[in-house]
Amino acid sequence: KGVNVAACTAMGAITELVSRGYVAWEEENRLSVVKPFDDSLTYLKPVYETIAFFKSEDALRTVDMYASKTHLPSSFREWTIDELLSSIGNSLAAAGYASEIPTELFSKEIKYAPKPGMVREVIENIRMEFFKSNRITDATLCLVALLDKSDFIPKYFSEDETVLLKERLKEEREDTTHAPVEKILEYIDDVTRIMSDIYWA
C-alpha cells in the first residue's frame with residue numbers, strides 16, 4: 001500500500017502540472033516542461049524539476065523515482081517522496097489548511113496534519129459532485145481515481161457509499177466529456193498496477 005500511496009502522490013503532482021499547462025503529456029507517455037515554473041506553486045517544484053532535468057522522460061520512470069529508491073545521476077538534485085510530501089505539507093500550512101505536528105526529539109523531519117474540518121470539506125465536495133450533482137469536474141474525477149488506487153476511499157466513505165462511488169467513477173470514465181483527462185486516468189491505473197507487480201510480487 002505504501003508504494004501505491006507514493007505513486008499516487010507523484011501522479012497527483014504530475015496531473016496538476018499538466019492541467020496547469022507547465023508540463024505536456026506527449027506521445028509514448030513522455031513528459032516535458034513547456035513553460036517556466038511559477039515559484040508560488042512550491043509543492044509542485046520537486047516533480048517539475050525532475051521532469052525538467054530529464055527533458056522528455058517516461059511518466060512511469062518519473063513516478064518510480066518517488067515510489068522507489070531509484071539511483072539517479074549525480075548531477076541531478078534528487079528529490080525523495082519525503083521531500084515531496086514536505087513541500088506539499090509546507091504549502092498547505094502556509095495556506096492555513098494544515099499545521100505542523102510534534103515529531104521525535106532531535107528529529108529534523110517536519111510532519112504536517114490537516115486542520116480540523118479540511119479533510120471533511122474535501123470529502124463533502126466529493127459527495128456533492130458524485131452523489132448529488134449531474135456534473136463531475138475533471139479534477140474531482142482524477143482525485144477520486146487516485147484515492148481509489150491508494151485504497152483510501154473506504155477510510156472516508158461508508159461501505160454503501162464506496163460501492164456507489166466506484167460505480168459512478170466507472171460510469172464517468174466512460175463519458176466522453178472527460179476525454180481531456182482520459183490518458184491521465186488510464187495511467188493512474190497502469191502506474192499503480194505496475195508498481196504493485198514490481199514491489200509486492
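Axes here are lines fitted to C-alpha atoms, for helices over the stretch in contact, and angles run from 0 to 180 degrees between N-to-C directions. Helices (H or I, at least four residues) and strands (E, at least two) are DSSP runs, numbered from the N terminus.

You are looking at a predicted model, where local features need pLDDT of at least 70, side-chain atom pairs count only at pLDDT 80 or more, and totals for chains, interfaces and linings use all residues. Residues are numbered from 1 along each chain as its sequence is written, and side-chain values use heavy atoms, with hydrogens and water left out.

**Stop one: the helix pair.** Select 118–132 (H5) and 159–173 (H8): their axes come within 10 Å and cross at roughly 65°. That makes H5 roughly perpendicular to H8 (65 to 115 degrees). Now show side chains: Ile 126, Arg 127, Glu 129, Phe 130 and Phe 131 of H5 meet Glu 161, Leu 164, Leu 165, Arg 168 and Leu 169 of H8 (contact means heavy atoms within 4.5 Å).

**Stop two: the sheet.** Next, pick out the three strands, which form an open antiparallel sheet in the order S1-S2-S3; strands pair if DSSP finds at least two bridges between them. S1 (23–25) and S3 (57–58) are the edges, each with a single partner strand, so one side of each has no neighbour in the sheet. Three bridges join S1 to S2 (30–33); find Ala 24 and its bridge partner in S2, Ser 32.

Methods:
Parallel < 35°, antiparallel > 145°, perpendicular 65-115°, else oblique.
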